[in-house]
Amino acid sequence: MAKDKHLGLFLLVVASGLVGFYFPFLINQHNFYLSDASLYFEPLCNFLANSFRQFKIPLWNPFVYCGTAQIAIISPGIFYPPNWLHTILPFSPALAISLILHQTVCALGAYLLIASFGWGVPAAYIAGFICSFTGYMFSLQANYTLVETACWIPLSLWAINRIGQTDESKPAKSGRAFQSLFIAIGATFMLMAAGRPELSEPAILVLLVSIVITFIRTFKSNWKGSARVAILQLMAIGIACMLIAPAILPALEWKSLSVRSHSLKASEVFLWSANWYDLLCIIFAQPLGDLSMLYSKYLGLVATRPNYIPYLSSAFVGPAAFTLALFGIVDRSFKWRWLVLAILGASLIMACGLYTPLAPWLINNVPVLAIYRYPVKLLVFAVFAIAVFAARGLWAINNQKIGKKGQIFVLTIWSCLLAGLISLLIPSVAQAITKSWVANAAIHNQAMVALKLIARTGITGCIVGIAISLLSTLCLDKKMSKTTFSTIAISVVFASLLSSAVIFHRHFSESNFYSGDSYLKTACEKLNKLEELELDAKAAALKLEAEKDRLRRRWRYGAKPIEPKKLDLDNPGDDLAPITYTAGQSVDSRVLPLYFGPLNCPRWYQGTGRFVTPRWYQYSREMLVPNCNMDFGMPSSFGYEAAETQDYRKLYTSVLKRSNAWTLPISSPSSEALAWTKSDMPLALFCRMTATKYAFTQVFGNDWLPQPILDRNYFDLLKEDKVMNVRIWRVKEKMPRAYFSDSWTYAASHDDVLNKMIYADQSGFDPKLNLLLEHIETKSDPFTSTSHRHHRSVSQLIFVQDQAEHLLLNVRASVPGFLVLADHYWPGWQATVDTRPAKIYRANGILRAVFVPPGAHLVEFNYQPRCLYQGYLLSWFAIALIFGLALTSIILPRLRS
């Protein structure tokens, strides 16, 4: 009962601190907006929520990349229950509840894990506070699925170890083994379902190592019991893997198509590696201030990717926790310290990524590991290792396990660190370090100021560390009670962690951040309506002219012709009804922003002070930066991260870099490729064949230099707004989303198709005149010759149904040919022609095509990925196993008794 009271009080303190921190978000007074929160997670969460409200699983996303497999996007996970909160709540309150829940779960798991080691309640408090309130948990609000994944690691490890701590000889405790088994299954399932394999897979490895070590330790004394426990532990992990199979198998299918598995360079993989400043911020609270804001003064000095917001701004645990961790490291009675040290060292080495020889060597020899990019994420394992050492250190101090050598060692560490930081305040030392640190002499003064700030913050931290060390000495000499020292240590750790979070990690925008409309959406609606009215006016004029001709033949005169109505785009009047695109309607056109990373926000839009960063992200939403277009129901022929495939990325980035829309320097092409010359023709052909109607570029680029205009032979400039810094282009001769082609050519290879499109100005490729098919010669393929061409063909296409996972088209053709659908080619799509199965060909490198004979036909496309249904079977089998184990846990104790 006393243990339950301690645990209840601990969870109450943790939950109270978290509710206080996130309260403005809970009541929707503030919004999460930073980085991926607004550019990636918010649009995808809203898309998932809209599907869930219709009681369907969102398998296919029609809004990005000309359609992509939503089921293959593991982050945010479709099958992860906390993500269902977005179905009933706005994005920010739902995310706030999720973060409170997950950070509390992390605290609970750490508390239970340390308590199971028998280290006492104070040690459990220390570990729980460090794991839950570390800067890692607070600074990743923009990439919160990392928090959701990491928080389950301590609880999974506790549950797995608890299975091995039961005594099978006692019937009362055999039930506890099954209870631990079910908790381990649930925690491990949540660990993998949260959607970040770069954390969950190393965590599974840690669980397996724990199982092996436990088995080896107990094998000699009781090999049968050890084997039984190991089987239960492995069963927990295996059942959890089967439960999450519906999410894992589609992701593995995408993995074979992804950019990360094939063409990412080591520099891209290690773009965010932990450098010296990231490691320093584990101990000291961000000496150079909050770098998670745009235009931070010292961002370019210490950020892994200069002038970009850090992926992880801090993994802060604080000097007090670090001091206790040092005592845990020097505790020789800690038998597992070498294992924890190994985890700490390995995580630091891998997190440093590009700055160590090991990680690049692994990527070069095992390229598939590139899927786990941005190794700075792995610092969470270092934080958890520090938490374990800190808990052990507090226990060792309270139990007189630290000798004089250990005390001297810890004081020496802090004293040397203090002396080094004080030396940074000496001008000659600071200048010498600055010259070796910064190559650009123009920012030497800025670097000197940065060194002073680091020194001052570090000195304060060292004083805290020395103070804790001296207090521990008093406790070891029995001049201070255990309770007093534990209370001081816990209070200092808790206060330092929470205050750092409040100062550096409360990033928010105003409550109306997601409620506004998009400037470009409104402009496109007006353009669409203008075009519609002009077409109606032309049709009316033609009809009137026909009537006049008829009347002239009867020697009568008609009225004056009606002139087409002209509208001012900026002041079109009140008669313009809004035009929106939804997944349930036939979408015949897409948009394409030809900017992303180098987006230049107008100065008037930037705001001042704290408002600079949210205004920049608001401007990004106004400009429909991917994936923001999803919020406004406007399909795009590009996207941001979500299940991007290698061939699509290669084609799009290649035609973009050849166009005038790309103004950044590029590396020279390979020797096998044709000459890399500027041309907007390949980009225009890409837009045509993907049913892209509008493209957007900026008027001014970096340093406010004018951006080149696109070739007027392929794009019409409809609007140039220098205030909003945007140009709106209409693609000339845009092709419809579905069309009939009676002329096709079988290509030798997939790369040959992509090269013909990338260098269309030299290969002569034109999607309106010819269709490139990738041919695997079989008897079922139409016409085994390399090319075919008809003349005078007549075709008619009508969308009967257009839903995300289901399309039905009525096709009438006078000659044999291919129905081409300007949607992303993807495994799992199945087609029928008049209810008979039909082969789907990859057309023009990235699209889908089906052969249609002459006559009227009904063509149907259905997204039914086989891997998903295989995952369902595994999941149902796992549920059956759980029910079987539950019955066993009820029946077995009764039989034994």
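**Contacts and backbone**

Analyst: Leaving aside residues up to four places away in sequence, Tyr 80 touches His 102, Glu 148, Trp 152, Met 190, Ala 193 and Ala 194; bear in mind that this is a predicted model.

User: Where does Tyr 80 sit, and is it buried or exposed?

Analyst: Tyr 80 is placed in the loop between β3 (68–69) and α3, and with a relative accessibility of 0% it counts as buried. The C-alpha atoms of Tyr 80 and Met 192 are separated by 9.0 Å, although these two residues are 112 residues apart along the chain.

User: What joins Ser 75 and Pro 76?

Analyst: Ser 75 and Pro 76 are joined by a cis peptide bond, with omega at about 5 degrees, and Pro 76 has its place in the loop between β3 and α3. A cis peptide bond also joins Pro 626 and Asn 627, where omega is about 0 degrees, and Asn 627 lies in the loop between α24 and α25 (646–658).

User: Why flag those, and what about phi?

Analyst: They are flagged because most peptide bonds are trans, and most residues other than glycine have a negative phi. Tyr 65 has a positive phi, near 55 degrees, and is found in the loop between β2 (60–61) and β3. Gln 400 also has a positive phi, near 60 degrees, and lies in the loop between α18 (379–398) and α19 (404–423).

User: Switching to aromatics: how many pairs does the structure hold?

Analyst: There are 48 aromatic pairs in the structure. Tyr 111 belongs to helix α3 (residues 91–116) and Tyr 125 to helix α4 (residues 121–133), 14 residues apart, and both Tyr 111 and Tyr 125 are buried.

User: And how are Phe 818 and Phe 851 arranged?

Analyst: Phe 818 and Phe 851 also form an edge-to-face pair, at 5.4 Å centre to centre and with 70 degrees between the planes. Phe 818 lies in strand β15 (residues 817–821) and Phe 851 in strand β19 (residues 847–852), so this pair ties together parts that are 33 residues apart in sequence. Phe 818 is buried, with a relative accessible area of 0%, while Phe 851 is partly exposed at 22%.

User: Which charged groups lie over rings?

Analyst: Arg 506 lies over the face of Phe 21, at 4.8 Å from the ring centre, and Phe 21 is itself part of an aromatic cluster whose members include Phe 10, Tyr 22, Tyr 111 and Tyr 125. Arg 848 has its charged end over the ring of Trp 829, 4.0 Å from its centre.

User: Last topic, then: at what angle do α2 and α24 pack?

Analyst: Helix α2 (residues 36–53) and helix α24 (residues 612–622) pack at about 50 degrees, with their axes 10 Å apart, which means that α2 is oblique to α24. Ser 38, Leu 39 and Glu 42 of α2 make the contact with Tyr 617, Ser 620 and Arg 621 of α24, and these contact residues divide into two nonpolar, two polar and two charged.

User: What are the overall figures for helices, strands and burial?

Analyst: The protein has 29 helices and 20 strands, and 56% of its 897 residues count as buried.

How values were computed
Residues numbered from 1 in each chain as written. Predicted model: local features only at pLDDT ≥ 70, side-chain atom pairs only at ≥ 80, totals over all residues. Heavy atoms only, no water. Axes fitted to C-alpha atoms, helices over the stretch in contact; angles between N-to-C directions. Helix = DSSP H or I, 4+ residues; strand = E, 2+ residues; numbered from the N terminus. Parallel < 35°, antiparallel > 145°, perpendicular 65-115°, else oblique. Contact = heavy atoms within 4.5 Å. Nonpolar A, V, L, I, M, F, W, Y, C, P; charged D, E, K, R; others polar. Phe/Tyr/Trp six-rings, centres within 6.5 Å; stacked < 30°, edge-to-face > 60°. Buried < 20%, exposed > 50% of the residue type's maximum accessible area, 1.4 Å probe, protein only. Lys NZ or Arg CZ within 6 Å of the ring centre and 35° of its normal.
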